[in-house]
Amino acid sequence: MLDPIVLIVVVVVLALIFDFTNGWNDSANAVATVIGTRTLTPLKAVLMAAVLNVAGAFFSTAVAKTIGEGIVDPDNVTQLVIVATLLAAIIWNTVMTFLGLPISASHGLIGALVGAAVAYKGFEVVQVNGITLILVAMLISPLLGALVAYLMMKLIREIFANSPPSKVKRLFRPLQILSAAFMSFSHGTSDAQKAMGIITMALVAGGFLDKVEVPFWVVLSAGLTMGLGTAIGGWRVIKTIGMRLGHLDTPHGFAAETSAAILLSTVAKLGIPVSTTHTITGSIIGVSASERLKGVRWGIAGKIIYAWIFTLPGTGLMAYLLYQVLQVLE
């Protein structure tokens with residue numbers, strides 16, 4: 001039987017490593033378009049995103065509470081369940097980043113948590129209503145992102161139909177920097193809370209907290225760690241989203257980032273952990289398709305969607321098997 005203090009330290013360290021890999025893969029969500037349109041240099045873009053990721057982490061803890069108690073019952077979760085969850089999510093994030101595929105860290109974490117919890121105590125500890133709400137939101141988010149971005153791009157085209165393209169590009173350069181900053185802040189608001197929720201769940205499960213309320217040190221450490229992952233930058237993923245998925249110019253980047261950021265900020269305040277990756281990818285597809293359907297590289301989009309489909313069952317199965325190995329320690 002491992003010492004409870006040792007276990008909670010292991011969980012916190014793993015949660016922060018997961019947070020780092022989240023920022024590493026998801027850095028593309030905040031900066032891919034602004035790099036793809038050459039509005040900012042890669043270094044300036046990732047540094048701006050990292051700082052605003054940290055700031056966004058302090059905006060709300062509603063998503064963290066949903067992660068902490070809305071997926072599985074924290075009273076029926078052990079520290080080893082959380083260790084198996086985090087190991088599976090870290091492995092998945094890392095492999096997908098090296099492959100250059102943008103995936104949902106939310107999907108990965110939720111799938112892994114369900115897999116590990118089921119391995120420990122069966123399906124009765126799973127909060128079906130909470131998971132249903134999360135999954136519906138995650139399925140709808142790329143569609144909404146695509147629709148809002150498509151309509152925004154059509155409106156921009158209508159307003160500036162008689163303006164020279166060079167003038168439109170110059171006008172939207174500063175606007176795209178602002179939209180990228182908004183997207184970076186929204187990314188921190190939504191995604192940093194996943195690690196906060198897992199750490200808080202572990203503190204409750206270990207008897208260190210009486211209820212799911214996120215301590216300040218958890219907010220600070222999660223925000224800083226994800227900001228560091230974003231600053232390192234998942235360059236292969238950035239290339240996939242910003243340069244290979246579709247043709248982007250500054251108005252496209254502005255429309256994609258603004259529509260995605262509005263959606264993410266709204267649902268984060270409601271406490272629904274949606275996928276930043278799904279939302280911004282849907283938005284980029286929407287603005288690319290607003291010109292013509294062939295503006296989207298559907299082969300690349302297909303590979304991304306396959307990665308999305310396999311994330312939930314993949315991390316769930318991995319966490320299930322990892323728990324089977326780890327339970328000898330319990």
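Phe 160 counts as partly exposed, because its relative accessibility is 25% and the partly exposed class lies between buried, under 20% relative accessible area, and exposed, over 50%, as found with a 1.4 Å probe on protein chains only. This is a predicted model, in which local features need pLDDT of at least 70 and side-chain atom pairs count only at pLDDT 80 or more, while totals for chains, interfaces and linings use all residues. Residues are numbered from 1 along each chain as its sequence is written, and side-chain values use heavy atoms, with hydrogens and water left out.

A pair of aromatic rings is described by the distance of the centres and the angle of the planes. Rings of Phe, Tyr and Trp (its six-membered ring) pair if their centres lie within 6.5 Å, and the planes count as stacked when under 30 degrees apart, as edge-to-face when over 60, and as tilted for the rest.

| Pair | Centre to centre | Angle between planes | Class |
|---|---|---|---|
| Phe 20 and Trp 24 | 6.4 Å | 35° | tilted |
| Phe 160 and Phe 172 | 5.5 Å | 75° | edge-to-face |

Phe 160 lies in the loop between α6 (128–159) and α7 (165–205), whereas Phe 172 lies in helix α7, so this pair ties together parts that are 12 residues apart in sequence. Helices here are DSSP runs (H or I, at least four residues), numbered from the N terminus. Phe 172 counts as buried, because its relative accessibility is 4%.

Phe 20 and Trp 24, by contrast, both lie in helix α1 (residues 4–36), four residues apart, which is about one turn of the helix. Phe 20 is partly exposed, at a relative accessible area of 24%, while Trp 24 is buried, at 15%. Ring pairs also link Phe 20 and Trp 24 with Phe 98 in a cluster.

What surrounds Ser 288, leaving aside its neighbours within four places in sequence? Ser 288, which is found in helix α11 (residues 276–289), is in contact (heavy atoms within 4.5 Å) with Gly 246, His 247, Leu 248, Gly 295 and Val 296. Ser 288 is buried, because its relative accessible area is 3%. A polar atom of the side chain of Ser 288 lies 2.9 Å from the backbone oxygen of Ile 284.

Note on methods: Helix = DSSP H or I, 4+ residues; strand = E, 2+ residues; numbered from the N terminus. Polar contact = N/O pair within 3.5 Å; in protein donor to acceptor, adjacent residues only side chain to side chain.
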